[in-house]
Amino acid sequence: MLVQLLTVPHCPHAEPAAAVLRQALDEAGLTDVPVTTVTVDTDEDATRLRFLGSPTILINGRDPFPGAGQPPGLACRLYPHPSGLSGIPPINPIRQALRDAPGTAPEV
């Protein structure tokens, strides 16, 4: 399984997003799966990676938070939470994406 955290340089939400991602992996029993951090610093890279803002999580190349109609670019990314928008992604869609990823067994 390939798990990536894409960020712009000096993103204040990168570290908290990495912690949420690690928690979801650990809860799913995927403690041995590494998280690769990718720094996106050009518009060309943003377009190539379909980077919708920092931080972006990719699980086997899929973004658990699809941004329909949102163009790629070097920007901050906001995620909807029950209390409003946050720069830190919520854990439940990450958990679901991990369950849906090929090669992962469902929790028993």
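1. Two strands pair if DSSP finds at least two bridges between them. The model discussed here is a predicted one. In it, strand β1 (residues 3–7) and strand β2 (residues 35–39) run parallel and are joined by five bridges.

2. A pair of aromatic rings is described by the distance of the centres and the angle of the planes. The count of aromatic pairs in this model is one. The ring centres of phenylalanine 65 and tyrosine 79 are 4.8 Å apart and their planes stand at 70°; because an angle over 60 degrees counts as edge-to-face, the pair is edge-to-face.

3. Where do the two partners of this pair lie? Phenylalanine 65 is in the loop between β3 (56–59) and β4 (79–81), whereas tyrosine 79 is in strand β4, so the pair ties together parts that are 14 residues apart in sequence. Phenylalanine 65 counts as buried, at 10% relative accessibility. Tyrosine 79 is also buried, with a relative accessible area of 1%.

4. Arginine 77 is placed in the loop between β3 and β4. Is this residue, arginine 77, buried or exposed? Its relative accessibility is 4%, so arginine 77 counts as buried. A polar atom of the arginine 77 side chain lies 2.4 Å from the backbone oxygen of phenylalanine 65. Leaving aside neighbours within four places in sequence, arginine 77 has contacts that include Leu52, Asp63, Phe65 and Ser86.

Methods. Residues numbered from 1 in each chain as written. Predicted model: local features only at pLDDT ≥ 70, side-chain atom pairs only at ≥ 80, totals over all residues. Heavy atoms only, no water. Helix = DSSP H or I, 4+ residues; strand = E, 2+ residues; numbered from the N terminus. Phe/Tyr/Trp six-rings, centres within 6.5 Å; stacked < 30°, edge-to-face > 60°. Buried < 20%, exposed > 50% of the residue type's maximum accessible area, 1.4 Å probe, protein only. Polar contact = N/O pair within 3.5 Å; in protein donor to acceptor, adjacent residues only side chain to side chain. Contact = heavy atoms within 4.5 Å.
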